Amino acid sequence: MRINTGAPVPSGADCVVQVEDTKLIQEADDGKTEVEIEILVPPTVGQDIRYVARFKLLLWCSLGLCSYACYIAFVPSSGI
């Protein structure tokens with residue numbers, strides 16, 4: 001399954017393999033759809049997955065909008 005950068009990860013997926021780490025084996029007759037690929041680098045759980053909550057927290061803190069109390073409240077509620 002192909003997803004774009006920044007797109008939500010499909011349910012059940014635990015990693016993302018970058019297109020640069022794949023080799024096209026077979027494509028559909030239309031030349032636009034990959035039918036079979038080879039993954040060149042062994043994927044690991046969590047690879048290239050970034051959670052939205054982490055970015056929000058980093059943005060808030062970098063803008064000086066996040067205090068220690070905010071961090072303590074935000075982290076447990078965000079699942080990170």
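Okay, so 11% of the 80 residues in the protein chain are buried, where buried means under 20% relative accessible area, exposed over 50% and partly exposed in between, with a 1.4 Å probe and protein chains only. Keep in mind that this is a predicted model: local features need pLDDT of at least 70, side-chain atom pairs count only at pLDDT 80 or more, and totals for chains, interfaces and linings use all residues. Numbering starts from 1 along each chain as its sequence is written, and side-chain values use heavy atoms, with hydrogens and water left out.

Next, the layout. The chain has 2 helices and 2 strands, running β-β-α-α from the N terminus; these are DSSP runs, helices being H or I with at least four residues and strands E with at least two, numbered from the N terminus.

Of its 31 lining residues, M1, R2, I3, V16 and V17 are the closest to its centre. Points join across faces, edges and corners, and the volume is the space filled by probe spheres set on them, the probe being 1.4 Å. β2 gives the largest share of the lining, 5 residues.

Last, I3. This residue sits in the segment before β1 and is partly exposed, at 32% relative accessible area. Beyond its neighbours within four places in sequence, I3 contacts P8, V9, P10 and V16, contact meaning heavy atoms within 4.5 Å.

Conventions. On a 1 Å grid over the protein atoms alone, a cavity is a set of points where a 1.4 Å probe fits but cannot get out, and a pocket is an open set with protein on both sides within 12 Å along at least five of seven lines; lining residues have an atom within 4 Å of a point.
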